[in-house]
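I opened the notebook to look up some salt bridges, a helix pair and a surface patch. The entries follow in the order I made them.

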Amino acid sequence: MPVTQERSGTAPETPDEASGPGRAARALARIRAGLPRTGLAALAGLLLALAFPPFDLWPLSVLGVAALSLLTRGRTARQAAWTGFAFGLPFFLMLLSWLRVIGWDATVGLSVIEALFLAALGSGLAVTSRLPGWPLWGACLWITQEWARDRLPLGGFPWGRLAFANTATPYTPLAALGGAPLVTFAVALSGTLLAWAAVRAVGRGTARRPVQAAAAGLGAVAALLAGYLVPVPTAPADTVKVAVIQGNVPNPGMDFLGRPMMVLNNHAAATEKLAEDIAAGRVEKPDIVIWPENSSDLDPFSDPAAYARIDEAVRAVGVPTLVGTLVDGPDEQHVQNEGIVWDPKTGPGASYTKQHPVPFGEYVPFRDQLSKVITRLQRVARDFYPGDHNGVMQLGPARIGDVICFEVAYDEIVRDTVDQGARVLVVQTNNATYAKTGQPEQQLAMSRLRAVEHGRAVLIAATSGISAVIAPDGSVVQRTEELTAAELSATVPLRDGTTVADRVGAVPEWTLAVAGLLACAGGVLLARRRRTGADGANTAPKGTPEGTPEDAPGGTPAAG
């Protein structure tokens with residue numbers, strides 16, 4: 001009669017025990033055992049959120065990466081997925097808390113979707129933690145995760161990239177070499193090397209561990225300081241005098257527009273005040289004027305009063321003006337979000353239509369089905385129709401690259417304008433819905449990174465703030481406060497040269513992202529080889545991951 005070998009050395013369970021209260025008790029015990037790790041992951045996620053504006057505690061971005069690396073090291077893929085989700089959900093809930101203006105259900109829903117990508121990252125970190133050189137593969141996986149989040153679902157949502165917490169730090173100049181992905185990679189590499197230093201410092205084993213820990217620590221510092229070796233080009237080929245108008249809105253929040261023509265009148269009146277100051281000799285006449293997104297709340301091509309009010313203000317100031325407005329789309333169901341070059345003599349000319357409308361904010365996917373369930377979506381009366389070309393336009397003496405609002409978060413949209421000859425970047429934005437929530441500061445940080453990445457001055461024109469003038473090195477030359485009418489005047493550089501990041505494009509991102517995927521595949525193959533090599537005689541206690549590194553913190557990880 002054959003003898004059955006038990007994995008745990010205990011008597012086999014009867015069918016009643018396997019499916020009865022004993023099984024539930026064991027499941028509860030596993031949950032309790034995993035609670036400390038889950039709590040630590042949630043705390044680490046909150047600390048990572050503090051690295052971003054408006055808090056700007058950027059060193060926490062490195063510590064957040066290190067914490068997730070340690071918490072997932074040596075775990076099974078399923079265990080680490082939960083740890084990654086526990087890390088990601090509080091991170092996004094705090095980072096995206098500005099969505100509460102629309103509703104906490106929107107905040108929670110989007111945070112859950114984004115946290116799923118962190119769950120996948122957690123699994124990948126666990127799988128690659130068994131490979132030689134795992135800190136490098138872990139840093140690559142952060143790029144893989146961001147690459148996916150930037151594109152999926154519905155065009156992606158890039159908020160929360162590590163690079164966007166490091167737009168004024170020693171890592172920032174790396175953007176001129178490889179864009180936002182290279183900045184993220186350097187931050188993540190510092191974090192994973194810091195985790196490796198901790199592992200080697202507290203683990204048991206040879207006398208070489210202190211040396212290895214020190215080497216890992218030095219590697220983390222080297223990744224931090226590497227940016228100081230990168231030249232950031234700022235020399236201008238020419239300059240342009242610019243005025244940025246922030247007319248303000250009647251009421252912040254969902255109903256920021258107020259009555260028709262109110263927002264338009266605010267911006268027209270501020271422009272006419274500028275014209276009076278020029279005539280009186282109080283300020284120098286600019287070469288161009290920038291109005292923000294939605295500065296005209298009515299379509300000037302279908303509303304004669306709106307057309308006349310814009311034309312009157314532009315003629316008063318006497319220079320080409322970039323006007324932000326909504327215009328009717330190709331059919332009755334669509335509207336277009338545009339920046340229009342308005343000449344004081346010839347009127348409206350070239351225009352740019354926003355290419356990347358925001359899902360559920362500017363258009364409703366699956367409208368017929370979802371609007372019946374979520375009645376709030378009916379407030380988006382018409383879907384925004386996407387543009388089909390970039391925002392490179394001639395505005396007076398300046399060849400500008402216009403991007404509208406959230407588009408500044410998408411690498412390829414901004415890069416395309418520079419590739420097509422933009423000498424200065426313009427970000428037209430309307431943050432009035434999210435005034436005083438932290439969202440305008442987060443978007444300002446993204447614009448600072450774009451300045452360094454492309455070696456271009458960036459002009460932010462916001463309806464209610466924050467408007468800003470950003471130099472090509474990422475420094476903020478001028479900025480406004482929120483919910484105030486204001487005007488910024490500055491002479492900014494026009495540049496023709498391109499950075500290394502412009503020339504290499506998306507190659508660094510794709511290379512690093514694919515390297516992360518290949519590392520995951522290598523980790524899976526290694527685990528299978530070990531199982532095969534064990535020849536079916538694995539006697540590890542149930543719940544212990546196979547191939548757990550002997551130097552994993554705390555020895556055998558707890559279940560959960």
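**Entry 1: a buried pair**

I looked up Asp 150 and found a relative accessibility of 7%, so Asp 150 counts as buried, the cut-off being under 20%. The model I am reading is a predicted one. I then checked what the side chain of Asp 150 meets, and it is Arg 161, in a salt bridge of 3.5 Å from N to O. Both residues sit in the loop between α6 (134-149) and α7 (175-202), 11 residues apart. Arg 161 has a relative accessibility of 1%, so Arg 161 is buried too.

**Entry 2: the network**

Which residues are linked with Asp 150 and Arg 161 in a network of salt bridges? I noted Glu 146, Asp 411, Arg 450 and Glu 453 as the other members. I recorded Glu 453 as buried and Arg 450 as buried. For the whole model I wrote down a count of 15 salt bridges.

**Entry 3: a pair across the sequence**

I went on to Arg 423 and Asp 496, which form a salt bridge of 2.8 Å, N to O. Are the two residues buried or partly exposed? Arg 423 is buried, at a relative accessible area of 16%, whereas Asp 496 is partly exposed at 49%.

**Entry 4: two helices**

I described this pair by the angle and the distance between the axes. Helix α4 (residues 77-95) packs with helix α5 (residues 104-128) at about 145°, and their axes are 6 Å apart. The crossing of α4 and α5 is right-handed. I listed the residues of this contact by class: 16 nonpolar, 6 polar and 1 charged.

**Entry 5: a patch and one more residue**

I found a nonpolar surface patch of about 280 Å², made by Leu 28, Ile 31 and Leu 35. Leu 28 belongs to helix α2 (residues 21-49), and its relative accessible area of 40% makes it partly exposed.

Last, I looked up Asp 277 in helix α9 (residues 262-279). Asp 277 is buried, with a relative accessible area of 11%. Its C-alpha atom is 9.8 Å from that of Val 317, a residue 40 residues away along the chain.

Key: Residues are numbered from 1 along each chain as its sequence is written. This is a predicted model: local features need pLDDT of at least 70, side-chain atom pairs count only at pLDDT 80 or more; totals for chains, interfaces and linings use all residues. Side-chain values use heavy atoms; hydrogens and water are left out. Patches are made of residues with over 30% relative accessible area and no salt bridge: like charges are joined within 9 Å, nonpolar side chains (Val, Leu, Ile, Met, Phe, Trp, Tyr) within 5 Å. Accessible areas come from the Shrake-Rupley method with a 1.4 Å probe; for residues, only the protein chains shown count as cover. A salt bridge is a side-chain nitrogen of Lys or Arg within 4 Å of a carboxyl oxygen of Asp or Glu. Helices (H or I, at least four residues) and strands (E, at least two) are DSSP runs, numbered from the N terminus. Buried means under 20% relative accessible area, exposed over 50%, partly exposed in between (1.4 Å probe, protein chains only). Axes are lines fitted to C-alpha atoms, for helices over the stretch in contact, and angles run from 0 to 180 degrees between N-to-C directions. A crossing is left-handed if the near helix is turned anticlockwise from the far one by less than a right angle, and right-handed if clockwise. Ala, Val, Leu, Ile, Met, Phe, Trp, Tyr, Cys and Pro count as nonpolar, Asp, Glu, Lys and Arg as charged, and the others, Gly among them, as polar.
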